[in-house]
Amino acid sequence: MSAETTKRARLFEEYPGERYDVDPFAVLVANAGVGGDERMARHAASAIRAQRQSALFVDWYFYNVQETILAVAEQWFWASLEPIASASVPSAIIDAICMALDSCLTHLHPLLYAVQTIHQLLVDPSAANETAFVQNGIKRFYDLMHSIFFSAKPDWFHPLLVAFFSAEFDAWDVAQDMHVGDRFRSHVCRQLHELQWMAIFESGYITALLEKIEERIQSRAAGQYLEPVLPEMLLWLETSVLPWVSFLHGTDSASFQQCVTRLTFVLYEQLGELRIGELFDIIADFPDSQPAVVDLSQCIAKADQQMLLIKSLREAFQRRLLHPGANTRDIVSQFVSCLRVLQLLDPSGVTLSLVAGPVCEYLRSRPDSVRVILTALTDASEPHGLLSELEKSARSSSLSSTTRAQVDEDEPADVEWQPEPIAPCNDRISPVTSVTSTCTSYDVLSQLASIHGQPDNLVDEFKGLLAERLMALRNYDTDVEVHYLELFKQRFGESHFHGANVMISDISLSKRINTNIHKTLNREANFLNGTIISREFWPHLSEDASEGGLLLPRIIVEAMTEYSKHYEVLKAPRELIWKPHLGSSDLQLTFLDGRTVRVSDVTPEHAAVLFAFESMPTDRCVTVDELCAGTRMTMHSVRRRLQFWVQKRILRQSGPNEFCVNEHAADDESHATYDSVIICDEDDDRGGTNAFSAETQQRESAKLLESYILGILPSSFGGFTLSRIHSILRSAFVSGSTNYNRSEAELHEVLERLVQEKKLQCLDGLYKQCSKPMQ
């Protein structure tokens, strides 16, 4: 017997009662387990406790038992799972993990029983808290077991757990039957609780559930905008996911409540991320996609994804919309839909203030953006209902004006103050501490009008558009244009539209004059209808690009001359100045094969090119040079008009620069059908040009401003400062058809350009004309 064993045996000799020449540590270990002699275990424990060796014994016991735990871990757990680490059959994974849990519990349960018995026998009866001693011992056993089993988990263990829980959940989710989940609930979950491995396995089932939520969202929500998805997803979470989680934790536990909170948040977060990634397409499909917008608004509120939405939408606009390949009409349409979608997502306007900026800035760089906006506002066929917005805004403006007039000035207004919203920020988007009401307004018209700064730009462009439409009228009926004009007056004020009233009056007067002249015109000239305008009140007309002016056919020139004579008699001493390149024509073409084709609304240039073939023999071809000389048009313009008539199968090309009339349709090798009526639209006929283009107005406005500046600046004395010039110009343009709405910074750019052109000189901040050309 060793010295240590002899010392332990002496413990029994000093203990009153029976004497045993044995090791008390070994006796307690041998009899503390299942099937041991309880009496021997008590005697051994009493002897150890009497000599204050309880702590020593417990340390010695745990030191020796860890070898047994290690053997169980290696032989019955890891060795059982490693062969199926790469398995793809769910049933094989489930069976292997269930068998491993059974084996571990079978071999570890006796050790746990022995630990519990030893601590119960060694507890000091006089101790204040006997239960704590036993519980500490059990906890120490579980901690030792966990450290031995899972201190170094292999890489394949977590994916295996995910596969196991995914397979168990799929079986439950498909069947939705309590009997299907009996094995998992009563077997697997019970064993995990007994082994206290639930926390270790938590990452596996949480990852599996997160993947299932993501799969469900992708399958049910991706690309589906017409029906709400969030209620269905929440119902599935409540009826399928959470009952399965209750198998693991029980509905009354804190862990279950934590899982509920986490999984619900993840569902909102992932659905929100999906919808934010699809938001550009959702905006394009609005209002049909409104259910998806409602879902997204709830997700943003729950998951705090406002900053993600702002960043993603700005990037989507930059990548898919704000580039030269996008049509301006599409950009405006998307912007209008964006306003309405963001109104549902964030009524405070913070998101709008951070998203709309790049779009507005890009639209300002598009020269046709104002024209596109106005076309949308005055076209009832537009899909976004901007005309109805204009009518509603006009009614609101009228009602608000009436209400303000009726309110007693002495009565205080009942205003409920609301704090300004605070905009979020991150490293890539500049922080905005507060957002002004202008930026956060969801009034579509206000947003569209503010794209180019002051509404004056929109008003000026409206005048140009109104002038084009009035010039295109064929029956002098101005009812539609007057309706639009009245809407704009109510929305922007009557003071901006004095010239527009004169334009409407000119059309009405033209109708009366035209009727009177036609009563006295010869029958040969009775086909000509004229529109007579007051040059001072209409936007500047685009000039004829032809050298010397377009040369019209003789029959039209004679009709215009006779029309002018009758007008001078009727309105003496006034006279008419014709614009040959403006207007439209209706033609009736007759061919040798008996065909008759009517062509409506073609430009004078197209008519002039076609009339050049009328005087030619049937078999005679006309060259491009002859057409240029006969119409005084450029070769490029002539070729473009010829191509138009060739596409309509009125002419055919017989050589590189020769064209002739397609008199016989049967000779055409294309065997295409021929239209008896041809209605020319703007793209076919006019090439996208207009008589009152924004570029023309800008050039004329710049010329007029330059002439005013040169007229007011002296050349013989000190000169004027920038502020003084700005003040004089504002006073000079207070009335008339031209407005001055430039800022001092914009005026400074104009003045510096004139200095570079050596028309002005600047000394000590004073501008004046150059007295002589600067060398």
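How many of the chain's residues count as buried? Of its 775 residues, 43% do. Keep in mind that this is a predicted model.

**The whole chain**
- You're looking at 31 helices and eight strands.
- Take the contacts between residues at least 6 apart in sequence: 70% of them join residues at least 24 apart.

**Helices H15 and H16**
- H15 covers residues 328-345 and H16 covers residues 350-364; their axes come within 11 Å and cross at roughly 170°.
- Angles over 145 degrees count as roughly antiparallel, so that's the label for how H15 and H16 run relative to each other.
- On the H15 side, the residues in the contact are Thr328, Ile331, Val332, Phe335, Cys338, Leu339 and Leu342.
- H16 meets them with Thr351, Leu352, Val355, Ala356, Val359, Cys360, Tyr362 and Leu363.
- Sort the residues of this H15–H16 contact by type and you get 13 nonpolar, two polar and no charged.

**His146**
- His146 sits in helix H6, which spans residues 130-150.
- Its relative accessible area is 18%, so His146 is buried, the cut-off being under 20%.
- Setting aside neighbours within four places in sequence, His146 is in contact with Ser151, Leu195, Gln196, Trp197 and Ile200.

Key. Residues are numbered from 1 along each chain as its sequence is written. This is a predicted model: local features need pLDDT of at least 70, side-chain atom pairs count only at pLDDT 80 or more; totals for chains, interfaces and linings use all residues. Side-chain values use heavy atoms; hydrogens and water are left out. Helices (H or I, at least four residues) and strands (E, at least two) are DSSP runs, numbered from the N terminus. Buried means under 20% relative accessible area, exposed over 50%, partly exposed in between (1.4 Å probe, protein chains only). Contact means heavy atoms within 4.5 Å. Axes are lines fitted to C-alpha atoms, for helices over the stretch in contact, and angles run from 0 to 180 degrees between N-to-C directions. Angles under 35 degrees count as roughly parallel, over 145 as roughly antiparallel, 65 to 115 as roughly perpendicular and the rest as oblique. Ala, Val, Leu, Ile, Met, Phe, Trp, Tyr, Cys and Pro count as nonpolar, Asp, Glu, Lys and Arg as charged, and the others, Gly among them, as polar.
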